[in-house]
2 protein chains.
Amino acid sequence: MNANEKFIAADAHVDAAAIAPLPNSRKIYVTGSRPDIRVPMREIAQSPTGDTPNPPVTVYDCSGPYTDPAAAIDIRKGLPGLRAQWIAERNDTEELPGLSSDYGRQRLADAELSNLRFDLGRRPRRAKPGANVTQMHYARRGIITPEMEYVAIRENQKLEGLDDLLRSQHPGQSFGASIPRVITPEFVRDEIARGRAIIPNNINHPESEPMIIGRNFLTKINCNIGNSPLASTIQDEVDKMTWAIRWGGDTVMDLSTGKNIHETREWIVRNSPVAIGTVPIYQALEKVDGKAEDLTWEIFRDTLIEQAEQGVDYFTIHAGVLLRYVPLTAKRMTGIVSRGGSILAKWCLSHHKENFLYTHFEDICEIMKAYDVAFSLGDGLRPGSIYDANDAAQMGELETLGELTKIAWKHDVQVMIEGPGHVPMHMIKFNMDEQLRLCGEAPFYTLGPLTTDIAPGYDHITSAIGAAMIGWYGTAMLCYVTPKEHLGLPDKNDVKDGIMAYKIAAHAADLAKGHPGAQVRDNALSKARFEFRWEDQFNLGLDPDKAREFHDETLPQHGAKLAHFCSMCGPHFCSMKITQDVRDYAAKIGVSEQEALNKGMEVKAVEFVKAGSEIYKVS
Amino acid sequence: MNANEKFIAADAHVDAAAIAPLPNSRKIYVTGSRPDIRVPMREIAQSPTGDTPNPPVTVYDCSGPYTDPAAAIDIRKGLPGLRAQWIAERNDTEELPGLSSDYGRQRLADAELSNLRFDLGRRPRRAKPGANVTQMHYARRGIITPEMEYVAIRENQKLEGLDDLLRSQHPGQSFGASIPRVITPEFVRDEIARGRAIIPNNINHPESEPMIIGRNFLTKINCNIGNSPLASTIQDEVDKMTWAIRWGGDTVMDLSTGKNIHETREWIVRNSPVAIGTVPIYQALEKVDGKAEDLTWEIFRDTLIEQAEQGVDYFTIHAGVLLRYVPLTAKRMTGIVSRGGSILAKWCLSHHKENFLYTHFEDICEIMKAYDVAFSLGDGLRPGSIYDANDAAQMGELETLGELTKIAWKHDVQVMIEGPGHVPMHMIKFNMDEQLRLCGEAPFYTLGPLTTDIAPGYDHITSAIGAAMIGWYGTAMLCYVTPKEHLGLPDKNDVKDGIMAYKIAAHAADLAKGHPGAQVRDNALSKARFEFRWEDQFNLGLDPDKAREFHDETLPQHGAKLAHFCSMCGPHFCSMKITQDVRDYAAKIGVSEQEALNKGMEVKAVEFVKAGSEIYKVS
């Protein structure tokens with residue numbers, strides 16, 4: 001059933017759907033302090049309101065060069081290394097003669113793989129002996145890297161120049177976050193230095209467009225892809241990646257557990273403008289034929305180096321699954337549901353030893369800082385059901401993750417912390433509060449949480465509810481859940497459905513936190529909706545294709561896109577149209593509306609009545 | 001484009017999809033204190049775990065006789081009048097010689113409608129002169145009606161007999177709700193008497209299965225259907241209704257604005273086991289050809305009587321749209337988005353008079369109590385965008401709705417209050433708190449709220465987030481939003497998608513409030529999931545069809561439904577399977593797991609290490 005064998009490198013091609021232009025949008029680049037800091041954004045043009053032009057709205061753009069018609073895309077060659085020069089300039093890395101990992105060399109030497117291998121054409125880099133090349137290390141020495149400036153520009157979303165109406169926004173409730181009105185490179189540096197944010201940017205992934213994860217920045221989402229022993233090809237997985245970033249995936253995790261994991265990952269990383277995360281224990285397990293008890297530190301270490309030299313930007317490391325927590329899961333409804341967690345639990349029990357990721361944690365830090373791979377400290381004991389939420393095993397592990405965070409920070413290694421899982425709404429905030437308390441505000445990265453177990457087939461929704469809430473409370477990145485969760489491997493449609501649910505959750509969180517500028521897109525879209533600028537309403541939405549398709553179902557004619565009505569009420573009566581009449585009347589009565597609002601309702605009512613009946617007559 | 005003309009009564013037929021049996025489920029009835037109180041529920045059978053049987057799980061069932069294979073369904077005849085005897089017994093109503101409304105009589109006399117008219121075959125009822133036939137009136141006189149006993153049985157969901165594991169549940173956080181462990185008929189009576197809950201049950205809708213809406217009961221959902229001038233037939237709308245209740249719609253609102261509104265509604269009411277709501281001003285507007293300024297109290301009054309005699313269970317009445325609030329909407333981003341609100345605003349401005357629904361409110365109460373129609377006091381000034389959330393117009397109207405609630409209660413008329421709209425997450429709770437404060441805990445009935453404006457095509461999700469939260473805070477019924485919101489008239493698929501999102505929201509709210517028994521279905525489903533009882537997992541979910549379909553996509557073979565793995569990890573490694581190993585090991589070490597949990601992690605860890613290595617060896 002595994003179709004990887006059918007993949008031929010020479011036939012690899014970009015998914016046409018990934019490079020189609022987004023409607024009425026153009027790729028723009030905001031240049032920073034040096035010409036090679038060019039931060040991509042998507043500018044959505046709007047039609048005018050009567051004779052008054054509406055400004056273009058600029059939105060955050062994860063899609064990389066794929067949506068730039070000026071870019072030449074050839075996935076057999078990979079993306080250009082936009083950070084290569086920045087990395088080289090720092091003069092703290094060296095090109096290696098070849099791959100350092102045994103496994104990497106072995107795969108390279110395997111002639112049978114030649115027809116599906118990505119042709120790298122360059123050698124891996126590593127920190128010079130004794131050097132530390134993490135963004136955190138630079139930040140703590142007071143250095144603002146081009147990566148830091150890049151994300152500062154990116155986070156600000158080019159809001160300057162918009163009018164007050166579009167920029168106006170409700171004050172948020174941020175639960176102690178410290179979100180500035182404007183993100184400066186210095187603020188980015190400071191947040192990274194104190195561990196409150198990370199830029200996952202492996203030096204061997206120079207193709208990546210820097211992106212920051214932290215509670216004082218825009219809420220990010222991750223999309224999981226990857227093959228399984230039962231399904232998918234390399235081409236499928238590259239297509240899922242380009243599809244995911246088109247719709248707003250900020251990072252992509254390759255969770256492949258099927259065949260040719262090494263080669264699949266190489267194809268993905270080389271073609272990905274977003275940070276790539278992995279769970280190295282998955283591949284390590286495949287190397288020992290799925291027998292968790294046969295895992296060794298040496299195999300795992302070789303896997304870390306193998307992946308670090310491919311350019312993986314963050315590693316999920318389940319170092320908090322301690323031997324003493326494992327029996328705490330025995331009375332659970334659903335035991336250990338994290339794949340990594342159960343692998344480590346099995347290893348611990350089999351050898352009756354402490355988790356080797358925990359005992360070798362500082363050794364892992366040494367590898368992380370040689371390539372700038374960030375930790376995503378895995379929640380191997382996360383709850384897999386409402387019943388198991390917030391139990392002793394989960395909270396014990398979180399405490400250990402807090403200890404490990406401090407060790408990683410001692411090495412200037414960037415860290416984020418993974419979180420649950422399945423949690424009913426009223427128990428979500430406790431997770432966030434404990435994570436902040438125990439992990440020193442290191443970015444929280446949560447899977448949902450799912451707020452009920454009863455909707456298999458709809459867990460993108462059960463979890464988007466929890467994700468929006470925990471994002472509001474302070475979670476920095478939300479790991480999407482697709483409708484296929486618990487049921488099957490997601491395909492491209494599921495990937496998009498998962499992303500949409502999570503873009504909504506992340507944006508709802510940004511609005512609730514009061515993130516500066518978060519409301520601009522809502523304001524612009526609602527204004528377009530009110531003014532019957534149908535095309536603008538579609539284009540400003542997260543998914544213009546779907547919005548247009550739905551409108552077409554009842555009103556397919558082009559004229560309907562210009563009409564001042566929709567299929568809900570029909571042409572004869574429309575509430576939005578009436579409101580325009582109300583506005584006209586209110587304007588006519590000669591009382592400043594704002595003044596009236598300030599005076600309060602009672603006063604206004606009197607004025608309104610006094611204003612005389614002629615004015616209100618309707619033709 | 002309107003296809004109503006094509007509908008022929010003689011050809012009307014039930015949608016085959018509405019009467020198909022739900023997988024592994026059977027309809028059961030719990031009998032009350034008298035043999036004609038037979039409360040329907042759905043019992044889902046489970047397969048055993050090894051040799052140990054798993055109990056059937058009983059769930060709330062809105063689908064009426066349609067899912068009872070023993071019931072004879074003929075939509076041309078309508079459903080049996082299960083409440084007819086109860087209504088007659090009270091001896092406070094009389095059969096009328098015919099329809100009282102001018103419009104009703106006119107439609108009946110129109111020979112051109114004969115081929116699409118539902119053949120009623122019975123005469124309408126009304127309270128005897130001077131009588132008040134509302135459930136609130138009975139409740140306040142200390143009478144427990146069969147309807148009250150019915151809903152008490154229904155709310156309890158037949159939980160007795162389930163084991164402790166399935167019944168165990170996290171303590172909830174209910175924000176001051178008063179949810180008892182067991183719902184008694186007396187509790188129901190008391191809640192209705194104090195106005196904190198309603199049973200919308202028009203005496204002319206004896207086909208309806210009683211259902212209660214209140215913050216101390218299970219969170220309910222409403223589904224909007226109805227034609228528009230541009231789309232849909234009577235058959236389509238009846239099909240949407242039977243489809244909606246199959247998936248869990250607790251009430252259905254017929255919001256038709258197209259042709260043959262009267263006849264469409266008759267077909268829906270006669271075939272609906274759930275309460276039907278309407279917005280009478282919609283039909284009144286059609287009677288004056290869409291000219292809001294031509295509306296009169298007399299036309300509206302006739303419409304209320306027309307619909308009350310058809311059996312509509314609750315009316316949305318926008319009596320809080322006062323003249324003085326209208327100009328407060330002028331500075332809004334999206335003005336007045338409520339159709340009813342804008343109709344009334346236009347009328348107020350045109351005539352320069354106070355809203356006639358407000359000035360005639362006590363006259364309306366007289367009609368409501370003669371048929372037991374409940375008020376759903378409409379939020380005509382709800383915000384239509386994030387920008388407009390919680391503004392002076394909205395809050396002014398809410399205050400007026402609070403005043404009107406007290407007037408309705410003076411007449412012993414049941415009331416619920418409609419709420420927003422578009423509200424960012426952090427501003428949702430204020431709506432609930434203000435509603436409780438201003439409206440004396442009358443049930444809140446909210447549309448979403450949508451937590452962002454930027455996702456047309458996905459507003460079932462933007463709003464499910466807000467709905468789940470406001471349900472947790474105390475909202476009694478959630479009005480669904482479909483993916484087509486803002487874009488087009490929902491079809492059957494959209495109806496189902498909206499319902500699923502809202503069943504999730506309502507259930508997440510029940511879990512968070514700590515509603516007794518809310519966690520049973522989660523526990524049962526998660527246990528089935530953990531034990532690889534795939535069919536049970538599908539069947540216990542909100543949508544067994546979708547879950548099975550998703551699983552089939554990667555593993556269509558029947559054997560895969562019995563397999564101890566899934567397509568995510570494949571057969572060689574499975575985290576759930578490993579957890580079973582962990583559980584076996586933990587059991588073997590001879591320390592009571594529960595005791596170990598109680599002793600805490602540190603102690604346990606020591607014991608665990610001491611227990612010796614032989615025990616943990618893996619074969």
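Buried here means under 20% relative accessible area. Keep that cut-off handy while you click through this predicted model.

**Stop one: Phe187(B).** Select it and check its accessibility: at 16%, Phe187(B) falls under the cut-off, so it counts as buried.

**Stop two: Trp534(B) and Phe538(B).** Stay in chain B and pick these two. Trp534(B) is buried at 4% relative accessibility, and Phe538(B) is buried at 0%. Over all chains, the structure holds 30 aromatic pairs.

**Stop three: a cluster in chain A.** Select Trp297(A), Phe300(A), Trp347(A) and Phe356(A) together; they form one aromatic cluster.

**Stop four: charges over rings.** Show Lys484(A) along with Phe550(B): the lysine lies over the face of the phenylalanine ring, 5.1 Å from the ring centre. Then go to Arg246(B), whose charged end sits over the ring of Trp247(B) at 5.4 Å from its centre.

Switch to the backbone and zoom in on Pro420(A) and Gly421(A), joined by a cis peptide bond with omega of about 10 degrees. Gly421(A) is in the loop between strand E13 (415-419) and helix H16 (428-438) of chain A. Hop over to chain B, where Pro420(B) and Gly421(B) are also joined by a cis peptide bond, with omega of about 5 degrees. Gly421(B) is in the loop between strand E13 (415-419) and helix H16 (428-438) of that chain.

Next, colour by phi and pick Asn390(A): a non-glycine residue with a positive phi, near 55 degrees. Look for it in the loop between strand E12 (374-377) and helix H15 (392-410) of chain A. Is Asn390(A) buried or exposed? At 16% relative accessibility, it counts as buried.

Finish at Phe175(B), another non-glycine residue with positive phi, near 50 degrees. Phe175(B) lies in the loop between helix H6 (164-167) and helix H7 (185-193) of chain B, and its 28% relative accessibility makes it partly exposed.

Key:
Residues numbered from 1 in each chain as written. Chains lettered and ligands numbered in written order. Predicted model: local features only at pLDDT ≥ 70, side-chain atom pairs only at ≥ 80, totals over all residues. Heavy atoms only, no water. Helix = DSSP H or I, 4+ residues; strand = E, 2+ residues; numbered from the N terminus. Buried < 20%, exposed > 50% of the residue type's maximum accessible area, 1.4 Å probe, protein only. Phe/Tyr/Trp six-rings, centres within 6.5 Å; stacked < 30°, edge-to-face > 60°. Lys NZ or Arg CZ within 6 Å of the ring centre and 35° of its normal.
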